2 protein chains.
Amino acid sequence: MEISRDTISAWLKELQDSICSQLEKADGIAKFEEDNWTRPEGGGGRTRIIRNGEVIEKGGVLFSAVHGDAPAFLFKEQEHSVSLDKDLGKAGNVPQFFATGVSIVIHPRNPWVPIIHMNIRYFEMPASKNGGAGVRWLGGGIDLTPHYVNETDTKFFHSELKKTCDQFNPDYYTKFKKWADDYFFISHRKETRGIGGIFFDRLNESKEMSFQQNFNFWKEVGKTFAPTYCELINRNKNKSFTPENQQWQLLRRGRYVEFNLVYDKGTKFGLETNGRVESILMSLPKTAGWEYDFKPQENSEEEKTLSMLKKGINWI
Amino acid sequence: MEISRDTISAWLKELQDSICSQLEKADGIAKFEEDNWTRPEGGGGRTRIIRNGEVIEKGGVLFSAVHGDAPAFLFKEQEHSVSLDKDLGKAGNVPQFFATGVSIVIHPRNPWVPIIHMNIRYFEMPASKNGGAGVRWLGGGIDLTPHYVNETDTKFFHSELKKTCDQFNPDYYTKFKKWADDYFFISHRKETRGIGGIFFDRLNESKEMSFQQNFNFWKEVGKTFAPTYCELINRNKNKSFTPENQQWQLLRRGRYVEFNLVYDKGTKFGLETNGRVESILMSLPKTAGWEYDFKPQENSEEEKTLSMLKKGINWI
């Protein structure tokens, strides 16, 4: 049975509903506000923002489904993966892309609660205006950015992701964990953004996995997000913190801003293609900070955290 | 008389000294800290940072002079402007570049005092390893980013820049003011970073101007910085402000961060070529903020400021 774009979009909207209601419950007081927007060239989105909560200082759970003429760089990317109609891109023969997804970033108030990010997305584009063999794929991931790395929580987080992966393919966790380490890397700092997670792109079908199986895996990633993060909230939300902890939180958020504005492909793509700026930049924290040449004290929690912002750590 | 790189570097270090002493005086309590650093591939710098002052919350006045093998993209850029040795870039024939400059960013504490940025730089590269006809040029500029645009101060600022330009060339102010408007533009926000100033690059010699004349102009830009900014400090440093003014300051600083991390060529160049991160990112404020879809109140000072963050305003 073919999985249609409408089926996928409808499922993502339900996922958005479910995640928002779980996050509201975990927060206790804040409610999501909703902005519906349309894209002049086709499609639109449902942006949901939560702020000034008991637990969540600022966050968003965004759904979008957009379509229209594919920008040139999108079909150039496909040249190696699919035989394209040779007149593709010429007048009257611009391929129509479709992309839908849910994106989440949550910045908590308490420095002991980690920042989290999730994205799952689906993309399709026929090889010519008239359809024919084109491309479609699934991408996504979940990654965690603790202000203070807590090894017990990190192990729990990675174990939950591994459980989800292992239900579908024994290689996925290892492969996608490495992908996250490589992707969420702040090259100029030689530091990972956080403790990673999983990241994958362009999943469709392979020798071992049908598209349907990958679709099921992808949905399960989406469902793994809320219970995992709510558990991390509940473990840490009542921990007391000092002004020094908050100062460190600002610096860690500064690094988050650096990653998102300098490296994140989704952010760059959005800003370059005239996307909805307020939705794209909802990922930025309410406040962030930078100190010249900050060095944590020896043997401090801050130094310990820095020492663990590395690729290739086996957390489980 | 040939102007040597050593003459230029020495002059820039004196300028750095002079600017730091004028800024310390304007601040009243804070003193610059100095970090000397060397670049493994050649050269180094003298980074001076001021923080937690009476007026200046965070700022830097940076001198650097670096040299070595030119990265490939640098000599590719030259292909159209100079006849290059055809073996250029091959083993044993990598051209040696030299670049020196002073860069300044000052983030004040009081929201009524504007953020300022200045950079003046000199670049040279012979066309081949053995010297010969190569390139050299001067670049730079000064631009102002008020949290609240004050028309009197803006007029004063632009008039001072125009006076400096007019001493050397009647077209420079108009030309370089437009260049600043175009350069300091946050495309995704459709907003200028501030009220502009002047910006120029690749000045060497032209029909009307010798290199020596442009060098004199460039030095005068450097000397214009401190008295102009100190005047703006003195006019505004004692104005009282509210938490709402500080909130707005955080958002304006957030835009400053967006510009510097997404668009600024110096920042991108520095991060991509493995420059000294702490010096490059000294431009970022101690704190910055982002609010989802913030809209200033009608007829407020904030709304008035936003309405003036546009290209092409004739402030004089």
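**Group meeting: the two-chain model**

In strand β10(B), Ala288(B) is the bridge partner of Ala288(A). Helices and strands here are DSSP runs, numbered from the N terminus; helices are H or I with at least four residues, strands are E with at least two. This is a predicted model: local features need pLDDT of at least 70, side-chain atom pairs count only at pLDDT 80 or more, and totals for chains, interfaces and linings use all residues. Residues are numbered from 1 along each chain as its sequence is written, while chains are lettered from A and ligands numbered from 1 in the order in which they are written.

Back to that pair of strands. Strand β10 (residues 287–289) of chain A and β10(B) run antiparallel, joined by three bridges. Strands pair when DSSP finds at least two bridges between them.

Now the contact between the chains. How many residues does each chain bring? Chain A gives 24 residues and chain B gives 24 residues. Contact means C-beta atoms, placed from the backbone, within 7 Å. On the chain B side, β2 (43–51), α6 (243–262), α8 (277–280) and β10 (287–289) each supply at least two residues. The largest share, five residues, comes from α6(B). By class, that side of chain B has 14 nonpolar, three polar and seven charged residues. Nonpolar covers Ala, Val, Leu, Ile, Met, Phe, Trp, Tyr, Cys and Pro; charged covers Asp, Glu, Lys and Arg; the others, Gly among them, are polar.

Next, a helix pair inside chain B. Helix α1 (residues 5–27) and helix α5 (residues 211–236) of chain B have axes that come within 10 Å and cross at roughly 5 degrees. Axes are lines fitted to C-alpha atoms, for helices over the stretch in contact, and angles run from 0 to 180 degrees between N-to-C directions. So α1(B) and α5(B) are roughly parallel to each other. That label takes angles under 35 degrees.

Over to chain A. Strand β6 (residues 135–145) of chain A pairs with β9(A), antiparallel, over six bridges. Gly140(A) stands opposite Phe200(A) in β9(A). Strand β9 (residues 196–203) of chain A has six of its eight residues buried. Buried means 20 or more other C-beta atoms within 10 Å of the residue's own, with C-beta atoms placed from the backbone.

Last, the core. The largest nonpolar core has 128 residues, and those touching the most other members include Phe176(A) and Ile198(A). Such a core is a set of buried Ala, Val, Leu, Ile, Met, Phe, Trp, Tyr and Cys residues joined through C-beta atoms within 7 Å.

Key
Buried ≥ 20, exposed ≤ 12 C-beta atoms within 10 Å, placed from the backbone. Parallel < 35°, antiparallel > 145°, perpendicular 65-115°, else oblique. Contact = placed C-beta atoms within 7 Å.
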